[in-house]
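Subject: Structure handover, charged residues

Hello,

My notes on its charged side chains follow below.

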Amino acid sequence: MAAGDADAMAAFVRRHQSRVYGLALSVVGDSAVAEEVAQEAFVRAWRHAGNYDPRRARATTWLLTITRNVAIDVVRVRRELAMEPVVVAEMMIASRDDSERVADADRITTALRELPREQAVAVLLSVHFGLTAQEISDRQEIPLGTAKTRIRTGLSRLRTMLEVSHG
């Protein structure tokens with residue numbers, strides 16, 4: 001597999017797919033997301049097969065560690081995304097007066113403009129358009145970890161800016 005042998009990778013996937021999917025499902029709790037996690041774990045294993053050291057761990061242990069890390073990252077991002085859009089939406093609709101709603105929307109727009117462009121785009125794609133980190137990664141042709149970091153950092157900065165300007 002480390003030499004780029006596609007047949008070896010296919011055999012590796014067949015051998016481990018049920019355990020990888022099972023672990024992913026137990027962490028993320030959603031079958032569609034678990035499938036994405038499993039796929040990403042195998043992609044990472046394929047990409048980093050040359051770094052695998054059989055003296056440190058069995059291949060199964062190494063792969064399940066990769067799976068667990070991917071699943072935890074997904075849960076972390078999903079948790080942040082699940083809370084943040086609600087906070088933003090509530091801020092936008094909390095005002096009964098239309099002029100206040102417009103002011104809130106302006107505050108959010110201004111805060112988004114203050115973010116680095118990559119983070120603002122990632123936040124909008126995620127929160128407004130509902131794209132997953134994997135979909136953002138694919139569309140922008142960036143590593144999955146980079147997409148997750150942009151979303152997480154952008155949301156954190158946005159929350160801080162909105163709390164400061166609102167409070």
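Helices here are DSSP runs of H or I with at least four residues, numbered from the N terminus. Please keep in mind that this is a predicted model.

Salt bridges

Side chains of opposite charge can pair when their charged atoms come close. The cut-off used is a Lys or Arg side-chain nitrogen within 4 Å of a carboxyl oxygen of Asp or Glu, and the count comes to 2 salt bridges.

One of them joins arginine 44 to glutamate 40, with 2.9 Å between the closest N and O atoms. These two residues sit 4 residues apart in helix H2, so about one helical turn separates arginine 44 from glutamate 40. Arginine 44 and glutamate 40 are both buried.

Aspartate 53 and arginine 55 also form a salt bridge, and their closest N and O atoms are 3.0 Å apart. Aspartate 53 has 21% relative accessibility and therefore counts as partly exposed. Arginine 55, at 74% relative accessibility, counts as exposed.

Negative patch

Which residues gather in a patch of negative charge on the surface? They are Glu35, Glu36, Glu135 and Asp138. Helix H2 (31-47) and helix H6 (133-140) each supply at least two residues of this negative patch. Glutamate 135 belongs to helix H6. Its relative accessible area is 35%, so glutamate 135 is partly exposed. Patch residues must have over 30% relative accessible area and no salt bridge.

Regards

Technical notes
Residues numbered from 1 in each chain as written. Predicted model: local features only at pLDDT ≥ 70, side-chain atom pairs only at ≥ 80, totals over all residues. Heavy atoms only, no water. Patch = residues over 30% accessible without salt bridge, like charges linked within 9 Å, V, L, I, M, F, W, Y side chains within 5 Å. Areas by Shrake-Rupley, 256 points an atom, 1.4 Å probe, with all protein chains shown as cover. Lys, Arg positive; Asp, Glu negative; His and termini not counted. Charge placed at Lys NZ, Arg CZ, Asp CG, Glu CD. Buried < 20%, exposed > 50% of the residue type's maximum accessible area, 1.4 Å probe, protein only.
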